[in-house]
Amino acid sequence: MSETITLSLSGLTCASCAVRASDAVQKVPGVREASVNYATGAATLEMDTAGLPAVLTALQRAGYPAQTQTVELQVQDMSCASCVGRVEAALRAVSGVETATANLAQSTATVEMAQGGTSEDALCRALALAGYAAEVLRADDATDAQDLHTAEAARLARHTWLAGLLALPVVILEMGGHMIPAWHHMVMSTFGQTGGWAIQAALTTLILMGPGRAFFARGVPALLRGAPDMNSLVALGTGAAYGFSMVALLAPAALPVAARGVYFEAAAVIVALILLGRTFEARAKGRTGAAIRALAELRPDTATRLTDTGAEEDVRVSALTVDDLVRIKPGGALPVDGIVTHGESLVNESMITGEPLPVAKAPGDVVAAGTINGTGALDVRATRVGAHTTLGQIMRMVKEAQASKLPVQALVDRVTLWFVPAVLAIAATTLVTWLILGAPEIALVAAVSVLIIACPCAMGLATPTSIMVATGRAAEQGMLFRQAAALQNLAEIDVVAFDKTGTLTEGAPVLQSSAVADGFEEADVLRAVAAVEARSEHPLASAICAAFDGTLPPVQNFETVTGKGAVGNVEGRQVLVGSAAFLQDHDVTATPFADRASRAAGDGQTVIYAAFDGVLAAMFAVADRVKPESHSAVAALKAQGVEVVMLSGDARATADAVGKSLGIDRVMAGLSPTGKVATLDQLKAEGYRVAFVGDGINDAPALAAADVGLAVGSGTDVAIEAAHVVLATGDMTTVPRSITVARATLRNIRQNLGWAFGYNVLLIPVAAGAAYPLGGWLLSPVLAAAAMALSSVFVVTNALRLRRL
């Protein structure tokens with residue numbers, strides 16, 4: 001089908017780029033006309049929609065990839081792992097969709113698609129054709145999934161009560177001779193056997209048409225589409241028992257004498273038990289998302305905004321914009337990230353950082369949305385609002401992690417996609433086999449038991465529920481996993497490599513001592529060096545700047561060499577500031593200060609040199625205090641069997657002194673950012689699984705290169721973006737705690753998968769009658785329904801144990 005499609009392109013830097021992008025698209029079969037507008041960055045295509053994947057590939061190869069957008073959908077009627085596979089397949093079949101991931105535990109699907117390549121309505125229509133109603137989740141709909149589970153649990157509870165009340169007389173009528181003999185005798189003497197069967201038929205019909213109708217309404221269409229799911233198994237199982245019983249009631253002559261019996265109680269109780277199991281499951285699913293719900297509840301609905309005249313006005317938080325001035329009253333929750341402009345108070349930041357003690361805030365201090373103000377009033381200038389606040393980003397990270405999948409999930413998805421068809425084949429084989437063996441009364445019972453006991457739900461819930469609970473619990477403790485895969489990788493870590501400055505140390509160095517070469521004045525040297533260091537982002541630079549109290553001269557031609565030093569022209573002189581190696585690169589030797597530098601390094605101090613116009617001018621010794629909790633963090637990692645390594649750009653003597661004080665045996669010193677990456681690559685080449693912990697811009701390459709990068713949340717945005725895990729505070733004890741969370745989660749997932757697969761592998765043969773020749777034991781469909789209902793509840797309940805971490 002031909003239509004006009006508009007794509008937003010990346011990488012267009014000039015008009016020639018637009019021409020090349022247009023030429024690349026024109027070569028794709030099915031494209032009738034293409035134009036690329038450099039000013040707007042848009043490509044307008046007249047083409048067959050089926051050729052869109054080829055167009056996207058052509059643009060990618062040409063260097064002008066289409067911009068993508070992420071859409072999250074709330075998907076109804078996903079009942080088992082097979083549904084997950086079909087939802088993903090339906091979404092991926094939509095032209096313009098690049099990736100699609102469904103989450104059974106959250107009842108959501110996350111789609112990555114080309115901007116303009118398709119529409120949200122097209123995604124919903126594709127799911128509707130596949131049998132799943134869907135609607136788009138917006139950024140502010142953080143608790144919709146939990147609300148859905150709550151409403152679903154309430155609805156299922158009502159249906160369970162109704163099914164139970166109607167099924168109870170059916171069970172008593174069928175088994176009352178053993179349960180309530182007198183009542184059973186009265187009914188039989190009054191209505192006879194046929195009358196008793198008729199009453200059972202009427203009650204069972206009410207159950208299947210009422211609370212059990214959903215199984216047929218969803219399962220039969222899925223079966224007709226050739227995509228059977230859990231509902232199809234229940235519909236077939238209960239339908240077979242009900243249909244056979246109706247034949248026995250209305251046309252008994254059509255059946256062999258030995259097979260004339262009814263199974264209304266099986267159909268009735270199966271529906272009641274499965275509804276009960278789904279009720280427990282929905283309630284448990286709601287609890288798995290407690291972390292997201294708790295985070296969402298930290299956001300106030302309204303805020304007090306100050307107008308230009310200073311008057312107060314109450315507005316919705318969604319109406320706030322950057323630079324708005326907001327008044328935070330005592331005890332109120334902060335609606336935005338911002339800077340305090342007036343007032344002093346203590347702010348409880350435990351919900352963001354995990355730190356229990358309130359933090360003093362005064363004008364100039366930074367505050368975060370979701371934190372709670374103490375007894376003072378604060379005026380705050382908004383710097384980030386809505387989804388861009390710290391709280392919004394935390395919620396986004398947690399939701400992305402919960403929606404992502406572990407590598408092992410790919411295997412589970414492949415298995416479960418064919419699980420239901422395989423169960424149908426086993427049930428048919430069971431029926432035919434027992435009929436051939438001349439046991440029709442066993443054939444129906446065994447076939448129905450196979451259909452009912454099979455449980456793809458447990459397999460589909462085994463991984464996502466554990467991930468949801470673990471990532472939510474970790475977020476509450478200040479550990480943000482950006483992808484679920486980081487859980488698996490972190491659980492397998494052998495080595496943790498730490499950056500030194502700002503990670504193991506406070507990152508707030510202090511100038512301890514200085515020495516000036518002959519011919520230079522200390523005040524003049526400090527003034528010029530401080531001017532250059534004021535332009536640097538290295539943590540050590542702040543120590544020299546803090547030591548100078550005065551007006552800094554301007555700096556021209558400033559340049560920085562990451563991990564080595566900086567250079568600039570100050571009042572006509574070229575000023576070099578950095579390590580001995582940096583000065584050596586500029587043909588300046590630091591030998592005159594060798595003895596003094598050696599003593600300072602032995603005390604764990606970092607030595608910085610300065611040279612003016614190619615002449616050594618001064619030496620500065622800077623000390624960065626080790627964080628108190630770094631000692632316990634290193635000890636905890638060693639107790640976990642993890643080797644600890646420290647990577648530092650400092651001189652060998654300084655790095656060794658810090659490493660020795662922390663009990664770190666393996667210290668790599670004098671490393672540039674590329675040197676840290678090379679060291680990590682070497683460790684990985686030796687067969688180690690390596691995690692790296694850092695906080696600065698210069699740590700970003702190492703964070704990306706490690707098997708798992710852990711960025712300190714108080715560090716730079718660049719480091720955080722490069723990391724796989726974000727630690728909300730600078731407390732390094734969160735590193736061993738994050739490994740504990742990861743290992744416990746993987747252990748929990750293995751338990752769930754072991755149960756889910758083991759349950760089906762062991763009990764489906766039993767349900768088929770494999771144990772009957774050994775002792776005449778045949779599994780009742782009612783017991784099969786109970787086992788199936790409990791299997792999903794077991795998986796979700798086991799995952800909820802992670803909340804106690």
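## Helices, strands and overall extent

The protein chain has 30 helices and 29 strands. The model is a predicted one. Taken along the principal axes, the C-alpha atoms of the protein chain fill a box of roughly 120 × 65 × 65 Å. The protein chain has 805 residues, and buried residues make up 53% of them.

## Two packed helices

Helix α8 covers residues 230-250 and helix α15 covers residues 440-453. Their axes are 8 Å apart, and the two helices pack at an angle of about 160°. An angle over 145 degrees counts as roughly antiparallel, and α8 and α15 are therefore roughly antiparallel to each other. The crossing of these two helices, α8 and α15, is left-handed.

## A nonpolar patch on the surface

Leu431, Val432, Leu435 and Ile436 make a nonpolar surface patch of about 370 Å². One of these residues, Ile436, is placed in helix α14, which covers residues 419-436. Ile436 has a relative accessibility of 69% and counts as exposed.

## Salt bridges

Side chains of opposite charge can pair when their charged atoms come close. The structure holds 20 salt bridges.

One of them joins the side chains of Glu88 and Arg92, with an N to O distance of 3.6 Å. Glu88 and Arg92 are both in helix α3, and because they are 4 residues apart there, about one helical turn separates them.

A second salt bridge is formed by the side chains of Asp379 and Arg327, at 2.9 Å from N to O. Asp379 belongs to strand β16 (residues 378-384) and Arg327 to strand β10 (residues 325-328), so this pair ties together parts that are 52 residues apart in sequence. Asp379 is buried, with a relative accessible area of 9%. Arg327, at 26% relative accessibility, counts as partly exposed.

Lys361 and Glu349 form another salt bridge, in which the closest N and O atoms are 3.0 Å apart. Lys361 is in strand β13 (residues 359-361), while Glu349 is in the loop between β12 (345-348) and α11 (350-353), so the pair ties together parts that are 12 residues apart in sequence. Both Lys361 and Glu349 are buried. Elsewhere, salt bridges with shared partners join Glu312, Arg327, Lys329 and Asp379 into one network. Asp379 and Arg327, the pair with the 2.9 Å salt bridge, are among the members of that network.

## Residues brought together in space

Arg305 is placed in strand β8, which covers residues 302-306. Its relative accessible area is 18%. The cut-off for a buried residue is under 20% relative accessible area, and Arg305 is therefore buried. In sequence Arg305 and Val326 are 21 residues apart, and in space their C-alpha atoms are 4.5 Å apart.

Val412 is placed in helix α13, which covers residues 407-417. Val412 is buried, with a relative accessible area of 3%. Between Val412 and Thr463 there are 9.1 Å from C-alpha to C-alpha, although the two residues are 51 residues apart in sequence.

## Positive phi angles

Most residues other than glycine have a negative phi. Asp77 has a phi near 75°, which is a positive value in a residue other than glycine. The place of Asp77 is the loop between β4 (68-75) and α3 (81-92). With a relative accessibility of 24%, Asp77 counts as partly exposed. Helix α3, at the end of this loop, is the helix that holds Glu88 and Arg92.

Asp613 also has a positive phi, of about 50°, although it is not a glycine. Asp613 lies in the loop between β23 (606-612) and β24 (615-623). Its relative accessible area is 47%, and Asp613 is partly exposed.

Key:
Residues numbered from 1 in each chain as written. Predicted model: local features only at pLDDT ≥ 70, side-chain atom pairs only at ≥ 80, totals over all residues. Heavy atoms only, no water. Patch = residues over 30% accessible without salt bridge, like charges linked within 9 Å, V, L, I, M, F, W, Y side chains within 5 Å. Areas by Shrake-Rupley, 256 points an atom, 1.4 Å probe, with all protein chains shown as cover. Salt bridge = Lys/Arg side-chain N within 4 Å of Asp/Glu carboxyl O. Buried < 20%, exposed > 50% of the residue type's maximum accessible area, 1.4 Å probe, protein only. Axes fitted to C-alpha atoms, helices over the stretch in contact; angles between N-to-C directions. Parallel < 35°, antiparallel > 145°, perpendicular 65-115°, else oblique. Left-handed = near helix turned anticlockwise from the far one by under 90°.
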